Amino acid sequence: MHLLDYRAGDLKQVPTRNGFGEGLIEAGTLDRNVLGICADLSESTRFEGFKKAHPDQYIEIGVSEQLLVAMAGGLASVGKIPWIASYAMFNPGRSWEQVRTIMALNETNVKIAGAHAGVSVGPDGATHQAIEDIAIMRVIPHMTVVVPCDSVQTKKATLALSARWGPAYLRFGREKSAVFTTDETPFEIGKAQIFREGSDVAIVACGILVYNALLAADALSRNDGIECRVVNNHTVKPMDEAAIVDAAERCGTIVTVEEHQKHAGMGSRVAEILAQRRPVPIEFVGVEDTFGQSGDPVELIEYYGMGVSAIEEAARRAYARKSK
Amino acid sequence: MPTLTSQGLTELKLKANDVRQGIIRSLLSAGSGHSAGPLDMSDVFAALYGHLIRHDPKDPQWPDRDRLLLSCGHIAPVRYSAMANFGYFPVEELLTLRKFGTRLQGHPERVRLPGVETTSGPLGEGLAQGVGMAYGAKLDAKQFRVWVVTSDAEHQCGLHWEAVLTGAKFHLDNLTAIVDRNFIQIDGSTEDVMPLEPLAEKYRSFNWEVFECDGNDIAQFVETAERATAVKDKPQVIIANTVPGKGVSFMEGDYTWHGKPPNAQQAEEALSELAQARQGIAAHE
């Protein structure tokens, strides 16, 4: 998988949103029909570079997230490939009905960049912490939902979604996070990746918490002798069912990890698949049916039960349940 | 667009009458749906499909066609009937309205019926999509115009006004909105439910060019649309004053006909009144 040594303490820390910004500039060069539409958040969604590189492909519409989706739908229906970016809380949070009707039912080639997702937004507090967005997007027919694990993968996902027809949601975050994939690490929409091999427990994670999952797996191996397979399940929809079933068969138990409500998120989809095809004990790591609050990102990840030790505990529980 | 001759006008009036008859027949067959709005917009739709818009019923995906969006999807029967009467599909298909497996969904879906430009029904969303299409046309130096038919009550939606702001910001003179100003909505008069007046002044203050006309007078509507589409640098709105239920006397002006279809006896009465009116138009010619 050409990963960097995630145990090393000197990994570069880069926000996933930077990967979106870089990918979009490249996508706009590759295809002049790629547009960026911004709702007054050009710096924080990382539209600025695109705006400089492709001023004719950039549209600023102010604080109007419903318009963001609807106008993009119009542009897509005359052949454009619009990327629309705001905070995930507002788009798709505020614009959900437009997303369903204009993007999905109407089948338009609009791409949503959902920035500042998760509690790791930090000090902005609960109003700005989207932790329900995977749920509301994965339930929509025709939608593709991608949650990349670091900035390098976010760039690849931006390019891949730009080149692939269809309505899509790309979810990423605000805070710096460890970069552990490389240009050589493969990426394919809909294809989960095994980042670490092991047969005792499978940890299926998405987003920046894949890194925590790897650290947890390492600690479990050292301290408990439990060997975990770590799956980077970046495409929540369409999910790589074969990879999920294979993980269940090989390890006999699953831990899902996401920066999202446990209810109806990525882990819930894993459970839906396994309940039908390969029932095994599952533990869920995520936010437990509550809202976030202001705080330091790392502090919040820990407080809401998504830190490395919380993943370790979940894996121990899963392992114990399997052994019963 | 060519000048509308008196013979052309008569043909449009006859078409509007055909459109109304199609609406009544399809609503009767469906057993549910909206009556007042479709009837009052029949003249506008006959003028659009019959004279104003550039389109080819045999090639609904023609890239250079004008885009005609129906934002208020609930008046779909008028669009379907107009499309059928102008050659997009056989008029018999109107009888499948709202039935299982039909292309004529209760609210129109682009993916199902070629010639429908966007899926609509949730209100207040059409103009915003029209803004996107008009912007896209400018980007590619395309000459097509984007027409968006809206209801008056959907001017109560915030998104609609986001689109009005945006159309003005980008000087989209290739964008023409038409308001079906019939003053009714499900719960009563628009001015009781949530007042919209002064509507023209609102648009003017948002930097749109505003036109008003009798939306049930085809000659006046065509003449107004021709002046509107000549405007440069600004989007235009035509406030088309209409009588809800127009053409069927027992429905005219009665808001309770907003969201219900005629029963068999009412449909028969309506069709006989429309047939009589059609003879009048033909005799006049």
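Two strands are treated as paired if DSSP finds at least two bridges between them; helices (H or I, at least four residues) and strands (E, at least two) are DSSP runs, numbered from the N terminus. The model is predicted: local features need pLDDT of at least 70, side-chain atom pairs count only at pLDDT 80 or more, and totals for chains, interfaces and linings use all residues. Residues are numbered from 1 along each chain as its sequence is written, while chains are lettered from A and ligands numbered from 1 in the order in which they are written.

**Figure 1. The open sheet of chain B.** Five strands of chain B form an open sheet in the order β1-β2-β3-β7-β6, with parallel pairing. At the edges stand β1 (67–70) and β6 of chain B, each with a single partner strand, so one side of each is left without a neighbour in the sheet. From one strand to the next the twist averages 20 degrees; axes are lines fitted to C-alpha atoms, for helices over the stretch in contact, and angles run from 0 to 180 degrees between N-to-C directions. Strand β2 (residues 146–151) of chain B runs parallel to β3(B) and is joined to β3(B) by six bridges. In this pairing, B:W147 stands opposite B:T176 of β3(B).

**Figure 2. Strand β7 of chain B and its two partners.** Strand β3 (residues 175–181) of chain B is connected to β7(B) by six bridges, and the two run parallel. Here B:T176 has B:Q236 of β7(B) as its bridge partner. Strand β6 (residues 209–214) of chain B also pairs with β7(B) in the parallel sense, over six bridges, and B:C213 stands opposite B:A240 in β7(B). A residue is buried if 20 or more other C-beta atoms lie within 10 Å of its own, exposed if 12 or fewer, and partly exposed in between, with C-beta atoms placed from the backbone. Five of the six residues of β7(B) (residues 236–241) are buried, so this strand is largely enclosed by the rest of the structure.

**Figure 3. Helix α9 of chain B over the sheet.** A right-handed β-α-β unit is made by β6(B), helix α9 (residues 218–229) of chain B and β7(B); right-handed means that, with the strands pointing away from the viewer, the path from the first strand over the helix to the second runs clockwise. Helix α9(B) lies across β3, β6 and β7 of chain B and runs at about 170 degrees to β6(B).

**Figure 4. The loop residue B:S249.** B:S249 is found in the loop between β7 and α10 (264–284) of chain B. This residue counts as exposed because it has 12 C-beta neighbours inside 10 Å. B:S249 and B:L113 lie 136 residues apart in sequence and 32 Å apart in space, C-alpha to C-alpha.

**Figure 5. The contact between chains A and B.** Chain B contributes 20 residues to the contact and chain A contributes 21 residues, where two residues are in contact if their C-beta atoms, placed from the backbone, lie within 7 Å. On the side of chain B that touches chain A, the elements giving two or more residues are α5 (126–139) and α6 (158–169) of chain B. The largest share of that side, nine residues, comes from α5(B).

**Figure 6. The two domains of chain A.** The domain assignment of chain A gives domain 1 (13–178) and domain 2 (193–323); such bounds come from an automatic or database domain assignment. The centres of these domains, taken over C-alpha atoms, are separated by 25 Å. In domain 1 of chain A, 27 residues are in contact with 30 residues of domain 2 of chain A.
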